[in-house]
Structures are given as C-alpha cells and as structure tokens.
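The entries follow the order in which I checked things.

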Amino acid sequence: MRKYIFVSICALCVLLYAGTSIWAQSTGTEAPGTTGNQDMMTFYDFKVKTLSGEDFDFALLEGTRVLVVNTASECGNTPQYADLQELYKTYGGDHFTVIGFPSNDFGGQEPGTNAEIATFCQQNYGVTFPIMDKIVIKGDDVNPVYSWLTHQSENGVSDAEVKWNFNKFLIDENGNWVAYFGSKVLPLDEKIVKFAKGE
C-alpha cells in the first residue's frame, strides 16, 4: 500500500512538472504561481561615479527609496532643481533620497563639465542631494543604469522612454522599479511626495 502511494505521488509530481513546462512553452511566460524575476538585477546592483569622480555603490542605499532624475543646466525645466532640493531637504535621509544624473542627450542642454555642473547646482539651487557623473541616457552608449530603468527585460516591471530632461523614476526600498513620470510631473507632485514619505 505504501509503495502504491509513493509511486502515485511520484507520478503526480512528474505530471505537474510537465504541465508547467508545457505552459511556459505555449505562452512564453512563467506558469501561474512561479516567478521569473529571481535573476533580475535590482537598482542596488549598480555602481556609478559621482560628479567628483568617486565611486558610488547603490548597494549602500539598501532600505532607501530613491527618486532618479536626469538633469540639465540649460533647460526650461531646470528650475525643477529647486523643488528636487526641497523634496530632499524635507524627506531625505535614511528612508528616501534623490539622485540626479546630468545628461547632454536632450537639446544639448547640459554641455558643461562635471565641475561646472557641480558649481551651477550649488550656486543657483543650493543642491545637496547626490549628483552623479554626466552620462548617456539613450542610444547605443546608454549607461547601464538607464538601460535597466527603461527596459522591462532588465527591470522586470516596465519599459519606459526618457523623452526629455527631468524625467523621474521611483525605486522602492528593495531596489525595485516602481514608477516613471515625464518632465511635466513636478518633484512636489502628490504622488511623488507620498512615495518620499513612505506611503
């Protein structure tokens, strides 16, 4: 009797495994109840350079919510630096931060060197949130961080197209992609403030 039960259980396991494989092959997705993101990278897996050329490991931000924004010094949206700074000053700390990525990809509106960008941000807006090395955000030479931010195949959540300066991404405290907002959504928008507050 025990032998019969054991054989039956083994047969059932084989059938379940086969069914899962057939589901995946026929739909191109994971079977219900399984997850396909175990091998996906998170935001915390990346390392970048700061404006001053120092290494910055995003693993240091584990447990912290992050707003990522591509910035420019000569854009009509540049005054958003003030709201970004206010957001950071009000809610920034162990549980939330803002990270800026200068880029010259949109309208050639960030032509300066890293040193010039740092001076501009400090003198004009008193920026104290972290600003990273100027990077490429689109095209063949896209920075790996922005490749992850804009491709569902890498972040496991959604595709997104950065269309202009001051587009915004929200990353949760586990390093996962949460949301994307275009330039017209201001840093102090209710949705972003709630996120910064941990709501």
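**Entry 1, the chain.** I note at the outset that I am working with a predicted model. I counted six helices and six strands in the chain, and reading along the sequence I found the pattern α-β-β-β-α-β-α-α-α-β-β-α. Of the 199 residues, 38% are buried. When I took contacts between residues at least 6 apart in sequence, 65% of them turned out to join residues at least 24 apart. For the accessible surface I have about 11,200 Å², with 54% of that area belonging to carbon and sulfur atoms.

I looked up the volume of the largest pocket, which is about 190 Å³. Its lining has 13 residues, and those closest to the centre are L51, A118, F129, P130 and I131. I then asked which element gives the largest share of the lining. The answer is helix 3 (residues 114-125), with three residues. By class I recorded nine nonpolar and four polar residues in the lining, and no charged ones.

I located G100 in strand 4 (residues 96-102). Its relative accessible area is 0%, and therefore I list G100 as buried. The residues it touches, leaving aside those up to four places away in sequence, are V69, T71, F129, P130, I131 and M132. For the pair G100 and F129 I noted a C-alpha to C-alpha distance of 7.8 Å, across a sequence separation of 29 residues. I also note that F129, P130 and I131, which G100 touches, are among the residues closest to the centre of the largest pocket.

Is T64 buried or exposed? I found T64 in the loop between strand 2 (55-57) and strand 3 (65-71), and I count it as buried because its relative accessibility of 7% falls under the 20% cut-off. Its side chain reaches the backbone oxygen of D94 at 2.7 Å.

F166 sits in the loop between helix 5 (152-155) and strand 5 (168-171), and I recorded it as buried, with a relative accessible area of 0%.

Methods: Residues are numbered from 1 along each chain as its sequence is written. This is a predicted model: local features need pLDDT of at least 70, side-chain atom pairs count only at pLDDT 80 or more; totals for chains, interfaces and linings use all residues. Side-chain values use heavy atoms; hydrogens and water are left out. Helices (H or I, at least four residues) and strands (E, at least two) are DSSP runs, numbered from the N terminus. Buried means under 20% relative accessible area, exposed over 50%, partly exposed in between (1.4 Å probe, protein chains only). A polar contact is a pair of N or O atoms within 3.5 Å; within protein, one must be able to donate a hydrogen and the other to accept it, and residues adjacent in sequence count only if both atoms are side-chain atoms. Contact means heavy atoms within 4.5 Å. On a 1 Å grid over the protein atoms alone, a cavity is a set of points where a 1.4 Å probe fits but cannot get out, and a pocket is an open set with protein on both sides within 12 Å along at least five of seven lines; lining residues have an atom within 4 Å of a point. Grid points are joined across faces, edges and corners, and a volume is the space filled by probe spheres set on the points. Ala, Val, Leu, Ile, Met, Phe, Trp, Tyr, Cys and Pro count as nonpolar, Asp, Glu, Lys and Arg as charged, and the others, Gly among them, as polar. Accessible areas come from the Shrake-Rupley method with a 1.4 Å probe; for residues, only the protein chains shown count as cover.
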